[in-house]
Amino acid sequence: MSKNNPIPHRRPSFAKLAQEALDRIDEASALPEGSLYQCDTTLAELRPGQCGTILRYMGDSRNTLRLMEMGLTIGTHVKVLRAAAFGGPLEVLVRGYQLSLRRDEAALIWLGEE
């Protein structure tokens, strides 16, 4: 430890090293075949790696407001990162952050083009 820097130099943590290794994985090998951009479907029907643009909502105003508060507004691009097994939640990338959504919430979001 030096007088200028009271914090000793530490090796990176295991979590940081693991995350860096995951970031380096070639994502192209894990993507589904066919077009990754989907339209005329709901967000709940997308597989990991697929994406789309929010066109409209199919729920009541309370559910719609909740989705909009989470950043899922019309015209926003979303990408499915992970899907839990047995109808579990979806992890989506929206506006630069990761968001977990229940399948029934994702089913209220219709993807398409204007």
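Let's start with a contact between charged side chains: Arg-102 and Glu-105 form a salt bridge, with 3.2 Å from N to O. Keep in mind that this is a predicted model. Arg-102 is exposed, at 52% relative accessible area, while Glu-105 counts as buried at 11% relative accessibility.

Glu-105 has another contact to look at. Its side chain also meets that of Arg-66 in a salt bridge, this one at 2.2 Å from N to O. Arg-66 sits in helix H2 (residues 61-69) and Glu-105 in helix H3 (residues 103-106), so this pair ties together parts that are 39 residues apart in sequence. Arg-66 itself is partly exposed, at 39% relative accessibility. Put together, Arg-66, Arg-102 and Glu-105 make up a network of salt bridges.

## The sheet

Now for the strands. Six of them form an open sheet, and if you walk across it the order is S1-S6-S2-S3-S4-S5, with antiparallel pairing. Strand S1 (41-42) and strand S5 (97-101) are at the edges with a single partner strand each, so one side of each has no neighbour in the sheet.

## Where strands and charges meet

Take a look at strand S3 (residues 77-83) and strand S4 (residues 90-94): they run antiparallel and are joined by five bridges. Arg-82 has Glu-91, in S4, as its bridge partner. The side chains of Arg-82 and Glu-91 also meet, in a salt bridge of 3.0 Å from N to O. Glu-91 is buried, with 16% relative accessible area.

How many salt bridges does the count come to? It comes to three.

Key: Residues numbered from 1 in each chain as written. Predicted model: local features only at pLDDT ≥ 70, side-chain atom pairs only at ≥ 80, totals over all residues. Heavy atoms only, no water. Pairing = 2+ DSSP bridges. Helix = DSSP H or I, 4+ residues; strand = E, 2+ residues; numbered from the N terminus. Salt bridge = Lys/Arg side-chain N within 4 Å of Asp/Glu carboxyl O. Buried < 20%, exposed > 50% of the residue type's maximum accessible area, 1.4 Å probe, protein only.
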